[in-house]
Every structure is written in C-alpha cells, then in structure tokens.
Amino acid sequence: MAATKRRFALEGRPTAQLIADHLREQIVRGTIRPGQQINESLVASQLNTSRGPLREALQRLCQEGILIYRRNYGVFVLKIEPEDLREIYSARETIESAAACILLDRGPGRVLHAIEILKKIVGGMAKHAADSNWEAIAGLDMQFHSSFVAAAGNSRLDRIYTSLATESRMCILNLEVSYPKMEVLVEEHQNILDLLEAGDREGLLASIRRHIQKAAEHLIAAQARQDSPLDRTS
C-alpha cells in the first residue's frame, strides 16, 4: 500500500483522474469483476483518498459507460451482455471504417506515419504470439486499433473510440478469448496494414469489417460458453 500512496503522491495529474485510471485498469483486467459493486469506503481506504475525489472518479467512469449507477443501491461495474457486444463492435466497425477513409484522404504523408506506428505494434504482436502471451496480444490488439483511429486526426472519433476500446478490453480479458492460433490474429492485423499501405480503400474497408465481425462472433460464443451451466464448476 505504501507504494500505491507514493505513486499517487508523485503523479502530477488530478487525484480524481489518477483514481479513475487505476479503477479502469482494475476493471479491464478483471480484478474488479463485471456486475460487482464498488465499495466506496474500501476503495477510499485502499487508495488513501477522501470520498470527494473518489466520487468524482466514479462519476467519470459512469460517463464512460463502464460503471453503472443504480439509485438507492450504489455503483456497479458494467456487465456486458451479447447485445452490448454487438453494439460495441458495430460502433467500432463504423468508427474504424470512417477513420480509414479520412486517413487515406489525408494523403501519403499521414498514411506513412500511421504505417510506421502500426508496423511496430504488429511486430510486437508476432513476438508475443510466438511466446503464447495472450494478455500481451490482447493489449497490442487494442493498441493497434486505437492507433489506427488516432492516426486519422479526428479528435472526436478518437474520444468516442477510447470508451469503446475500454469496453472491448473488458470483454477480451474477462472472457479469456483466444483464437485457435494466435498467429491468425497477427495475420489479420498485418492484412489491414498491407491494404492501408497499398492504398486499397475497398479492400481495407472489407478487411476491417471481416476482422471486427469475426472478433464479435468469437466474444459472443465465448460468453455463451462461460454462461452455460455445463461449463461451470460447482
């Protein structure tokens, strides 16, 4: 706990932002589980903070959509249902497709800069695939897509996508979803990168659509398996 106190004291950002960042990461990683209630007294004690900044942080996370406030009950972590998954990934497909078009329209210079960033991420994915490190792959997966959207240079698309990326990471890590071969995931991202580099707008949009829809199908299937009574241990 002493280390946590030092980290909070040394950071230059507002305390509420620090708390929000800390809780968001705990939620994404599944340390705080979907559907779980946030115990304000416990969290305030653990982080050595007062209720004011904590409540501001919780309000920020409610605005992001990963916490839900229930009147007379308190604040709970969002529990993502199949319909939520469909909405999240449909919205991601729309934003990534728009970002692809903006990026291509902004010319070769912008595209080359994006390619440099994305190539490094795909290289990292390939390395972790060889090591079978699924958690690292999942993190780089979302980094690839967030960087792709950010490269378009539209701040509002980027801001909206940030919340969707957080919800996606929650799903991926909590459901422990993995492709039969992690190399397949690397190949799909490499294909998106190759099509961007070639300036193939039609092919790029089709590749994004297939990739996003396939990811949503995997997540929904994994959630169904997790919720099945046959898959639960007593």
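How many helices and strands are there in the chain? Here are my notes, point by point.

1. The chain has ten helices and two strands; helices (H or I, at least four residues) and strands (E, at least two) are DSSP runs, numbered from the N terminus. Along the sequence they follow the pattern α-α-α-α-β-β-α-α-α-α-α-α.

2. A word on the ground rules: this is a predicted model, where local features need pLDDT of at least 70 and side-chain atom pairs count only at pLDDT 80 or more, while totals for chains, interfaces and linings use all residues. Residues are numbered from 1 along each chain as its sequence is written, and side-chain values use heavy atoms, with hydrogens and water left out.

3. Of the 234 residues in the chain, 44% are buried (under 20% relative accessible area; exposed is over 50%, partly exposed in between, with a 1.4 Å probe and protein chains only). Among contacts (heavy atoms within 4.5 Å) with a separation of 6 or more, 72% link residues 24 or more positions apart.

4. Do look at the largest nonpolar core, which holds 68 residues; Y89, F148, L196 and L204 touch the most other members. Such a core is a set of buried Ala, Val, Leu, Ile, Met, Phe, Trp, Tyr and Cys residues joined through side-chain atoms within 4.5 Å. Helix α7 (residues 134-151) gives the most to this core, nine residues. Setting aside residues up to four places away in sequence, L196 touches L103, L104, V111, A114, I115, L118, F148 and L204.

5. H211, in helix α10 (residues 201-227), deserves a look too. Is H211 buried or exposed? With a relative accessible area of 5%, H211 is buried. Beyond its neighbours within four places in sequence, H211 is in contact with D141, H145, L185, E188, H189 and I192.

6. Three residues separate β1 from β2, and N72 in the turn has a positive phi of about 70°. R70 stands opposite G74 in β2. R70 also lies over the face of F76, at 4.4 Å from the ring centre; the rule asks for NZ of Lys or CZ of Arg within 6 Å of the ring centre and within 35 degrees of the ring normal.

7. Finally, the cysteines: a search of the whole structure finds zero disulfides (pairs of cysteine sulfur atoms within 2.5 Å). C62 is partly exposed at 26% relative accessibility, and C101 is partly exposed at 23%.

How values were computed: Two strands pair if DSSP finds at least two bridges between them.
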